[in-house]
Amino acid sequence: MSYENFLQEFATAQGVGSVEELLSDYSQRYAFQINSRDRAKKVISRLVDEFGITFPGKRVLDVGCAYGSFSIEMAKAGAIVVGVDISDKWLRLAEINASGEAEVPFVNCDASSYRASHELSGYGPFDIFIVNDVFEHIHDTVGLMETIKKLSSPGAIVYFKIPNGHATRHVLLEGHKKVFGISLLPPDYWHLFISAPFHIYYRRWGHFQSIFDYYGFSEIRHVREIRDPDIETTRRHIVNDVNKIRRFLKSENFDDVRQLSVLRRACRYYYDEVASDIETLEWEPLWSKYRQTFWEGVAVLSQR
């Protein structure tokens with residue numbers, strides 16, 4: 001009953017009257033939370049089937065574990081798991097979620113801080129790090145990778161899933177706040193569109209590739225799911241989306257002239273880059289840059 005208890009506690013925490021109401025009237029709004037166990041199971045299957053990763057006996061650190069679903073499912077798959085987060089609210093829900101199903105310590109710890117490796121050393125070293133939908137919420141990504149490297153066993157693996165702010169779909173509708181265009185903007189400008197705090201930092205893939213490589217996780221294996229039949233289809237989808245972006249950039253779609261001003265400037269740069277890339281990039285990098293909404297895969301620590 002732990003998952004049902006979690007849903008009830010989550011409904012209460014969000015001010016929703018009951019689980020029934022949560023699953024009916026709020027099912028779309030909170031789909032990410034409601035379906036978290038299913039998402040965890042799919043990731044486990046993918047890691048096993050596509051990358052040959054096994055869980056029994058492995059030590060796993062779930063970074064930004066939130067309500068604990070990934071920690072719980074990996075523990076049920078045989079791993080020795082620790083979940084860390086900086087929110088007492090989520091950690092309390094994680095404990096309820098795990099109760100009676102999995103023995104998982106949930107620790108309040110900022111994994112990007114200098115002290116994190118000391119606070120977590122007694123649980124490690126770790127064979128697998130789960131960083132699922134977390135990197136974009138971390139300001140100090142170098143600090144996080146420093147912690148991961150210090151706590152890694154030989155040949156450790158980082159599983160990552162990171163939203164791509166340059167994907168045309170995310171420009172049309174940013175994934176967290178559901179606002180047009182803001183994935184192209186530095187956080188300095190987000191206050192023009194939404195209320196703080198945001199704690200969302202969109203970075204290009206080269207940023208993550210660089211920090212993985214710097215800390216020795218130089219072997220990167222991507223999940224590749226090119227769904228377009230050929231490069232011409234990819235180009236056509238990108239051009240169609242860019243035309244949608246152009247059409248939306250009208251004053252009547254914005255509450256404040258400053259919103260339109262900063263987005264027009266950001267989009268002009270974006271248009272120039274897209275036009276150049278459509279002419280010069282090969283199919284896979286073009287698709288990855290503009291059609292792939294999430295970068296997903298594993299980074300493996302070199303044992304040299």
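This is a predicted model: local features need pLDDT of at least 70, side-chain atom pairs count only at pLDDT 80 or more; totals for chains, interfaces and linings use all residues.

Student: Which residues make the contact?

Tutor: On the H1 side they are Ser2, Tyr3, Asn5, Phe6, Glu9, Phe10 and Ala13. H6 contributes Lys89, Trp90, Arg92, Leu93, Ile96, Asn97 and Ala98. Sorted by class, the contact of H1 with H6 has eight nonpolar, three polar and three charged residues.

Student: Let me try another pair. At what angle do H12 and H13 pack?

Tutor: Helix H12 (residues 257-280) and helix H13 (residues 283-290) pack at about 160°, and their axes are 10 Å apart.

Student: Is the crossing of H12 and H13 left-handed or right-handed?

Tutor: This crossing is left-handed. Tyr270, Glu273, Val274, Asp277 and Ile278 of H12 meet Leu286, Lys289 and Tyr290 of H13. By class, the contact of H12 with H13 comprises five nonpolar, no polar and three charged residues.

Student: Now the backbone. What is the peptide bond from Gly124 to Pro125, cis or trans?

Tutor: Look at omega: for the bond from Gly124 to Pro125 omega is near -5°, and the bond is cis. You will find Pro125 in the loop between helix H7 (116-120) and strand E4 (126-132).

Student: And phi? Which value does Ala66 have?

Tutor: Here we look for a positive phi in a residue other than glycine, and Ala66 is such a case, with phi near 55°. Ala66 sits in the loop between strand E1 (59-63) and helix H5 (69-76).

Student: Is Ala66 buried or exposed?

Tutor: The cut-off for buried is under 20% relative accessible area. Ala66 has 15% relative accessibility, so Ala66 counts as buried.

Student: Where does Lys178 lie, and what is its phi?

Tutor: Lys178 is in the loop between helix H9 (168-172) and helix H10 (205-214). Phi of Lys178 is near 60°, again a positive value in a residue other than glycine. For accessibility, exposed means over 50%. Lys178 reaches 54%, so Lys178 counts as exposed.

Conventions: Residues are numbered from 1 along each chain as its sequence is written. Side-chain values use heavy atoms; hydrogens and water are left out. Contact means heavy atoms within 4.5 Å. Helices (H or I, at least four residues) and strands (E, at least two) are DSSP runs, numbered from the N terminus. Ala, Val, Leu, Ile, Met, Phe, Trp, Tyr, Cys and Pro count as nonpolar, Asp, Glu, Lys and Arg as charged, and the others, Gly among them, as polar. Axes are lines fitted to C-alpha atoms, for helices over the stretch in contact, and angles run from 0 to 180 degrees between N-to-C directions. A crossing is left-handed if the near helix is turned anticlockwise from the far one by less than a right angle, and right-handed if clockwise. Buried means under 20% relative accessible area, exposed over 50%, partly exposed in between (1.4 Å probe, protein chains only).
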